[in-house]
Amino acid sequence: MTEMPNPSFFARSALEVAPDLIGFEITLGGAGGIIVETEAYLPDDPASHSFRGPSQRNASMFGPPATSYVYLIYGMHWCLNAVCLPGSAVLIRALEPTSGIDEMMARRGRPDVRQLCSGPGKLAQALGISGEHDGLALLSPPFSLRQGRTGLPLATGPRIGITRASDLPWRFGAAGSPYLSRRFHPEAKISPGGRIG
DNA sequence: GGGGAGATTATCT
DNA sequence: GATAATCTCCCCG
């Protein structure tokens, strides 16, 4: 029950992996938590960094599945992705903090647990993620990924903060979790631990 | 508790 | 030179 996922877990469309990652626990150097929010980015997706093909920044997105893709946004925030099939990735958007909480609070400079990992930039800062963590294997130290919780009620909605393809409901999360970057609309709830379609 | 401004820089046009 | 998968602070009500 607390096993690492098989590498083939990530050798699928990001659209399948993104909802399946909800409930997994990810840590870096012992700090991290339960994944409660993700977004999918695909190769033919205008909002994806891979849309115009490989480049220096997005090289990791074309590497093997289960690789990290870390990039800097707005000149100051790092974001962590899990690479799936080539050119696709899942943005890890929010965690429910479970381990290394004191350490994460120190990195964030805030005592509020709800503000530790409730956003892609926040969780990267809390876990100490930066450019040096780009292109690493997510299933090997210093990262760890394991099944945490099962049966979480799943919600979907439009992705956040993008200008292109902003209507697609490719954001996934644990409905009602207090650790989301933003709430989902109530009717966006899918099914307890269910699959997407 | 919601809306808006500003921060700050790698990457690509 | 414009853009960007964000966050925080400040103001308003």
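Contact is taken here to mean heavy atoms within 4.5 Å, and helices (H or I, at least four residues) and strands (E, at least two) are DSSP runs numbered from the N terminus. The structure is a predicted model, in which local features need pLDDT of at least 70 and side-chain atom pairs count only at pLDDT 80 or more, whereas totals for chains, interfaces and linings use all residues. Residues are numbered from 1 along each chain as its sequence is written, and side-chain values use heavy atoms, with hydrogens and water left out.

In helix H2 (residues 101-108), the buried residues (under 20% relative accessible area, with exposed meaning over 50% and partly exposed in between, for a 1.4 Å probe and protein chains only) are Met104, Met105 and Arg108. These residues lie on the same side of H2, because they cover an arc of only 100° around the axis, the arc being that of the directions from the helix axis to the C-beta atoms. Asp102 and Ala106, on the other side of H2, are exposed. The buried residues of H2 pack against strand E2 (31-41), strand E5 (89-99) and helix H3 (120-127), and just after H2, Gly109 takes a positive phi of about 70°.

Strand E5 is largely enclosed by the rest of the structure, since nine of its 11 residues are buried. Two strands are counted as paired if DSSP finds at least two bridges between them. E2 and E5 run antiparallel and are joined by nine bridges, with Ile92 in E5 as the bridge partner of Thr38. Strand E4 (residues 77-83) also runs antiparallel to E5, through three bridges, and Asn81 stands opposite Leu91 in E5. E4 and E5 form a hairpin with five residues between them, and Gly87 in the turn has a positive phi of about 80°.

Note on methods. Chains are lettered from A and ligands numbered from 1 in the order in which they are written.
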